[in-house]
Amino acid sequence: MADDAKRKAQGLAAVPAAIVSLLDVEGRPFRAPVGTIVFRPGEVCAGYILVQSGQIRVALTGATGREATLYRVGPGELCVQTFQCLVGGERYTASGTVEREVEGRMLSQAAFERQLARSEPFRRFLMEQVAQRFASLTQAVELTAFTPLPARLAAALLRHAEDETVALTHAALAAEIGSAREAVSRHLEHFARDGLVALERNRVRLLSVARLRRTAEGTG
């Protein structure tokens with residue numbers, strides 16, 4: 001519980017106190033366990049969620065069923081899919097799934113529109129969040145377009161490792177780096193033959209973090 005409170009405090013540190021107070025007054029509690037689908041393609045937005053603890057993964061699914069991770073929404077961060085739906089009257093085109101149990105506050109669409117019209121601090125906060133999110137999305141596109149797959153895969157393994165173990169399937173890793181599962185499996189087998197990792201059921205054990213880091217940096 002103490003760790004959850006600490007993560008919440010750290011995650012909301014960049015959110016102005018006025019915005020947190022506004023959400024506390026105008027919003028209603030929002031909680032969702034791991035695995036909850038917060039929104040699906042084609043759905044109408046229910047409202048604006050300020051995540052206070054936990055994490056939501058936003059992903060696109062292609063016609064072939066292949067999935068690609070767009071971004072994650074953590075404490076104090078904006079979901080641009082939700083922003084687009086609320087401001088532009090669009091329906092969702094991606095899905096949002098809870099990866100770590102979420103606790104937060106939700107503004108109804110009416111409350112969101114009211115604060116957008118009345119509150120200059122709220123507008124400024126949203127615009128800053130939109131700018132930051134688009135900058136990170138641009139970086140992700142550049143990474144996918146110009147970074148070799150082995151480097152992207154090594155970076156993803158390092159990013160998701162806990163106790164030098166990555167509890168993700170090959171399909172999930174493929175979605176993370178914008179590639180096909182078959183290509184990821186092939187490169188993981190190369191990593192295993194080279195002694196960088198050990199492949200286990202639905203997980204990857206890191207054997208050489210240093211060499212993986214050099215691969216991610218393009219120096220290995």
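1. The largest nonpolar core comprises 36 residues, of which L23, Y48, F122 and L126 touch the most other members. The elements that supply two or more residues to this core are helix 2 (17–26), strand 1 (28–32), strand 3 (47–61), strand 4 (67–73), helix 3 (80–88), strand 5 (95–108), helix 4 (109–118) and helix 5 (120–146). Strand 3 makes the greatest contribution to this core, giving six residues. It should be kept in mind that the model is predicted.

2. With neighbours within four places in sequence left aside, L126 is in contact with Y48, L78, F83, F112 and L116.

3. On the side of helix 4 the contact is made by F112, Q115, L116, A117 and R118, and on the side of helix 5 by E120, F122, R123 and L126. By class, this contact of helix 4 with helix 5 contains five nonpolar, one polar and three charged residues.

4. A further helix pair is formed by helix 7 (residues 170–177) and helix 8 (residues 181–193), whose axes come within 8 Å and cross at roughly 105°. Helix 7 and helix 8 are therefore also roughly perpendicular to each other. Helix 7 contributes H170, A171, L173, A174 and I177, which meet R181, V184, S185 and L188 of helix 8. The residues in the contact of helix 7 with helix 8 divide into six nonpolar, two polar and one charged.

5. Backbone geometry calls for a separate remark. Most residues other than glycine have a negative phi. D163, although not a glycine, has a positive phi of about 55°. D163 is found in the loop between helix 6 (149–160) and strand 6 (165–166). With a relative accessible area of 79%, D163 is exposed, because exposed means over 50%.

6. N202, likewise a residue other than glycine, has a positive phi near 60°. Its position is in the loop between strand 7 (197–200) and strand 8 (203–206). N202 counts as partly exposed, at 46% relative accessibility.

Note on methods: Residues are numbered from 1 along each chain as its sequence is written. This is a predicted model: local features need pLDDT of at least 70, side-chain atom pairs count only at pLDDT 80 or more; totals for chains, interfaces and linings use all residues. Side-chain values use heavy atoms; hydrogens and water are left out. A nonpolar core is a set of buried Ala, Val, Leu, Ile, Met, Phe, Trp, Tyr and Cys residues joined through side-chain atoms within 4.5 Å. Buried means under 20% relative accessible area, exposed over 50%, partly exposed in between (1.4 Å probe, protein chains only). Helices (H or I, at least four residues) and strands (E, at least two) are DSSP runs, numbered from the N terminus. Contact means heavy atoms within 4.5 Å. Ala, Val, Leu, Ile, Met, Phe, Trp, Tyr, Cys and Pro count as nonpolar, Asp, Glu, Lys and Arg as charged, and the others, Gly among them, as polar. Axes are lines fitted to C-alpha atoms, for helices over the stretch in contact, and angles run from 0 to 180 degrees between N-to-C directions. Angles under 35 degrees count as roughly parallel, over 145 as roughly antiparallel, 65 to 115 as roughly perpendicular and the rest as oblique.
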